[in-house]
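Please examine the sequence and structure shown below before reading on.

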Amino acid sequence: MPKNENFEVKVGLAEMLKGGVIMDVMNAEQAKQAEQAGAVAVMALERIPALIRKEGGIARASDPQMIKDIQNSVTIPVMAKARIGHFAEAQILEALEVDFIDESEVLTPADEHNHIWKNDFKVPFVCGCRNLGEALRRIGEGAAMIRTKGEPGSGNIVEAVRHMRQVQNEIKGLTVMDQDQLMAAAKNMGAPFSLVQQVAKLGKLPVPNFAAGGIATPADASLMMQLGAETVFVGSGIFMSDDPVPRGKAIVDAVTYYQDAKKLVEISTGLKSAMKGVDMSEIPEAERMQERGW
Amino acid sequence: MIGILALQGNYQAHIKILIGLKIPVKEIRYPDQLIDIDGLIIPGGESTTINDLMKRVGFHDEIKDFSLKKPILGTCAGLIMMSSLIRNDNQLSTLGILDIEVCRNAYGRQADSFIGNVNININEQAFKIKAPFIRAPKIISVGKSIDVIAKCNSDIVVVRSGIHFGLTFHPELSDIAFFHNYIFTKKNELMKENNAA
């Protein structure tokens with residue numbers, strides 16, 4: 001199969017996940033609960049970001065047995081995380097036939113200089129970004145989906161908003177530039193020129209753009225959708241809350257009815273406590289997961 | 001005015017196709033919005049999620065009623081929802097608009113998704129298209145009311161039952177407007193064809 005067709009098939013799955021919620025799960029039981037709550041996919045990982053932050057240590061790709069158990073327990077797509085630059089972990093996940101690989105800053109990076117060359121894989125990849133340059137570098141390497149990073153495990157939406165606003169502002173900026181300004185823009189953001197041209201023309205990323213990192217409530221999900229996200233990832237927000245299934249359902253509803261405030265009242269009413277969350281001033285810069293990767 | 005069920009999935013790609021055909025389009029998120037439209041698209045996405053969201057606001061009976069008079073196009077998960085029976089799933093409540101039995105994710109996981117050559121044969125017109133099959137279902141048996149419109153290798157990939165069409169793949173991802181055009185701009189002829197048959 002020629003490379004461009006392969007890419008079309010990869011982006012095809014990302015397209016199918018639009019308008020949905022992708023939920024982090026740590027075992028088959030949680031995966032089933034996520035499916036029941038209406039998740040469009042689950043992300044299998046050993047520890048959700050909030051626990052990684054609390055417990056410390058090196059966070060690696062998950063045990064294949066745990067991923068197989070999850071694959072056998074649900075019919076929705078199963079995603080899994082590889083460390084930034086750890087292409088061997090990605091090869092193992094591909095051999096396991098996970099549906100999507102997240103080259104993720106949530107895990108401890110394996111390579112501080114290079115991300116995975118994702119064009120060589122048949123399985124699609126999603127990668128995080130904080131700005132347009134980072135997004136386009138990942139797409140240049142073959143990512144079929146981009147998610148804004150936010151701050152994983154924080155339960156705090158502020159970074160997710162910052163990153164989504166940044167990406168959208170930079171995209172808007174490109175659309176009003178003259179041709180002769182685009183090369184300078186590409187240079188300044190360190191992004192492949194052909195992708196910069198493409199974004200300037202399309203007025204959006206050439207792959208779906210999802211949001212992650214801090215979503216804990218239906219209102220958070222609505223906010224990210226209104227800011228331009230096409231789907232949301234919820235990591236710690238569901239299984240660190242007091243009522244995972246009702247909260248999961250509520251966030252799924254909030255993504256569908258994100259523009260309908262009256263419906264959001266109904267959706268948000270009667271939930272138990274959301275995850276506690278942390279203020280950004282409590283997370284020293286060196287411990288921020290969003291700083292991982294470039 | 002054509003409606004697109006906008007609960008979850010790639011409904012934007014269908015909207016883009018309809019806009020290209022200059023057909024007015026409306027996103028449908030509540031059953032009472034079905035009154036305003038002359039045809040409906042159920043897009044691809046995750047069938048478990050779409051089924052769940054349909055249940056939460058009571059779409060099932062309303063869409064069944066709608067199908068008695070107006071055409072519906074379903075792609076991938078949309079086709080699964082329109083089917084009568086799913087061989088490998090008893091959790092979903094399908095609509096029974098197309099008398100077919102389907103198998104979900106029948107080709108396998110994403111690793112087995114592909115771009116397929118589709119051979120179409122409709123109203124004595126025969127032609128080929130290429131389009132993506134994403135974690136696609138298979139149609140494993142069809143009832144008497146079903147016309148087989150297209151195949152990919154030996155698999156049935158497009159079916160028609162009167163005014164309704166179901167596809168296992170995604171023409172909208174390859175900017176193929178043929179089906180949308182056939183069903184929704186020639187809606188009245190389709191009704192006549194159907195009545196004649």
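## Pockets, cavities and helix packing

The second largest pocket holds about 370 Å³ of space. Here a pocket is an open set of points on a 1 Å grid over the protein atoms alone, with protein on both sides within 12 Å along at least five of seven lines. Grid points are joined across faces, edges and corners, and a volume is the space filled by probe spheres set on the points.

The model is predicted: local features need pLDDT of at least 70, side-chain atom pairs count only at pLDDT 80 or more, and totals for chains, interfaces and linings use all residues. Residues are numbered from 1 along each chain as its sequence is written, chains are lettered from A and ligands numbered from 1 in the order in which they are written, and side-chain values use heavy atoms, with hydrogens and water left out.

The second largest pocket is lined by 16 residues, of which Glu35(A), Gln36(A), Thr48(B), Gln91(B) and Leu92(B) lie nearest its centre; lining residues have an atom within 4 Å of a point. Two or more residues of this lining come from helix 2 of chain A and likewise from helix 2 of chain B. Helix 2 of chain B contributes the most, with 5 residues. Helices (H or I, at least four residues) and strands (E, at least two) are DSSP runs, numbered from the N terminus. By class, the lining has 1 nonpolar, 9 polar and 6 charged residues. Ala, Val, Leu, Ile, Met, Phe, Trp, Tyr, Cys and Pro count as nonpolar, Asp, Glu, Lys and Arg as charged, and the others, Gly among them, as polar.

The two helices named above also pack against each other. Two packed helices are described by the angle between their axes and the distance between the axes. Axes are lines fitted to C-alpha atoms, for helices over the stretch in contact, and angles run from 0 to 180 degrees between N-to-C directions. Helix 2 (residues 28–37) of chain A meets helix 2 (residues 47–57) of chain B at an angle of about 50°, and their axes are 8 Å apart. This pair is therefore oblique; angles under 35 degrees count as roughly parallel, over 145 as roughly antiparallel, 65 to 115 as roughly perpendicular and the rest as oblique. Glu35(A), Gln36(A) and Ala37(A) touch Thr48(B), Asp52(B) and Arg56(B), where contact means heavy atoms within 4.5 Å.

Within chain A, helix 8 (residues 179–189) and helix 9 (residues 193–202) pack at about 130°, with axes 9 Å apart. They too are therefore oblique to each other. Gln179(A), Leu182(A), Met183(A) and Ala186(A) of helix 8 meet Phe193(A), Val196(A), Gln197(A) and Ala200(A) of helix 9. By class, the residues in contact are 6 nonpolar, 2 polar and no charged.

Helix 9 of chain A also supplies at least two residues to the lining of the largest pocket, as do helix 1 and helix 7 (158–175) of chain A and helix 1 (11–20) of chain B. Of the 34 lining residues, Glu15(A), Lys18(A), Lys204(A), Leu205(A) and Glu230(A) lie nearest the centre.

There are also 3 cavities of 30 Å³ or more; a cavity is a set of points where a 1.4 Å probe fits but cannot get out. The largest cavity has 23 lining residues, and nearest its centre are Asp24(A), Pro49(A), Ala212(A), Gly213(A) and Gly235(A). Strand 8 (232–234) and helix 11 (236–239) of chain A each give two or more residues to this lining.

The table lists volumes and lining classes.

| Space | Volume | Lining by class |
|---|---|---|
| Largest pocket | about 1000 Å³ | 15 nonpolar, 9 polar, 10 charged residues |
| Largest cavity | about 180 Å³ | 9 nonpolar, 8 polar, 6 charged residues |
| Second largest cavity | about 110 Å³ | 7 nonpolar, 3 polar, 3 charged residues |
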